[in-house]
Amino acid sequence: MCSLVRREAFQTMMAIPVEEWAGLVRAGEVRALSRAITAVENHEPAAEELLRRLFPFTGKAYLSGMTGAPGTGKSTLVDRLAAFYRKREERVGVIAVDPTSPYTGGAILGDRIRMQGHAGDADMFIRSMATRGFLGGLARTTAEVALLLDAAGKQQLIIETVGVGQDEIDIVRLADCVMVVMVPGLGDDIQNMKAGLMEIADIFVLNKSDREGADRLQQQLDAMLSLVMPRDGWHPLVVRTVASENRGIDVLAATIDKFREHFAARGERELKHVEYWKKRLVELLEARVLDKFLGGAAGDELLTQLAKEVAGRRMDPFTAVNQIVAKSPI
Ligand SMILES: Nc1nc2c(ncn2[C@@H]2O[C@H](COP(=O)(O)OP(=O)(O)O)[C@@H](O)[C@H]2O)c(=O)[nH]1
Ligand SMILES: [Mg+2]
């Protein structure tokens, strides 16, 4: 049933011109948006055309990234935060880079309109993405999906990732505001935390603060933060929450707002975006160059053949690269 609906949506979208498709995405039409995300995930040729058309309409959404160890309550937090934004009448998009994330769209609040979860709310769009097997990197795909949601008029975008690998760190790095979730009782919490995560956090969310050890963790965090130099005039803040009981979500939202205002006032956001786009342009260029020189099955064959030569010390790597370059019509 589900796959039938999906196939129909697929065929409908394939049949219309990209221009019209882009128009539907901009209007926030759910099927057109879902289908556009699939096109981006699969690197379909239409995806680039679609993103080019939609790009001028992006740059309005505020992007929050939530990361932390599995089980710390990220999905619950994102869910509650999304519901909070919906109460403020903001349109919300959620990207969960974790297929196991359970989202209700705030149904637990008992809000009658949303009793059946987000399904009934056109202004809350939630998408889970597979975490492996994307060509060109998960970070790039996530960034492009965020662009689609932005173009579709979502005002608050929230990305959830499990903060374990470099991929995940790259993903949250693209966010305007980075939140790192910690919970009491995970052993020697701060020491166990990845150094990379510590550095990128704008806000620390101390979730499950109903549990024993919350005060101790807060003290540890405060002590650690007192040693950290403010970044761009911002000293990372600690917010205590009990996501499962919807406690502290208002304070969390207010802290995100405060961070947003801080950056808007200083023009740092633009600077951050220039840095970000520099990196993205290099990535896109790399992908394009690689595709030109080594695209398709023939490229892969050539690469394997030359790699064998180099591994067998029959050819040096510089000659091999020169051969690849010489074969391509750039
Ligand atoms: N005691 C307590 N449990 C929580 C809290 N927030 C989330 N949980 C529970 O922790 C478990 C993992 O939550 P989930 O949001 O899936 O974590 P994630 O893996 O980080 O996305 C679930 O059973 C939640 O109900 C909290 O503040 N206090
Ligand atoms: Mg989760």
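The side chains of R314 and E309 form a salt bridge, with an N to O distance of 3.3 Å; the term denotes a side-chain nitrogen of Lys or Arg within 4 Å of a carboxyl oxygen of Asp or Glu. R314 is exposed, at a relative accessible area of 57%, whereas E309 is partly exposed, at 24%. Here buried means under 20% relative accessible area, exposed over 50%, and partly exposed in between (1.4 Å probe, protein chains only).

This is a predicted model, in which local features need pLDDT of at least 70 and side-chain atom pairs count only at pLDDT 80 or more, while totals for chains, interfaces and linings use all residues. Residues are numbered from 1 along each chain as its sequence is written, chains are lettered from A and ligands numbered from 1 in the order in which they are written, and side-chain values use heavy atoms, leaving out hydrogens and water.

The count of salt bridges comes to 15. One of them joins E144 and R280 at 3.9 Å, N to O. E144 lies in helix α6 (residues 138–151) and R280 in helix α12 (residues 268–294), so this pair ties together parts that are 136 residues apart in sequence. Helices (H or I, at least four residues) and strands (E, at least two) are DSSP runs, numbered from the N terminus. E144 is buried, at 7%, and R280 is buried, at 6%.

A magnesium ion (ligand 2) is coordinated by S75 (OG) and E160 (OE), at 2.1 to 2.2 Å. S75 belongs to helix α5 (residues 74–87) and E160 to strand β4 (residues 156–162), 85 residues apart. Donors are N, O and S atoms within 2.8 Å of the metal (3.2 Å for Na, K and Ca); water is not among the atoms, so sites may look incomplete.
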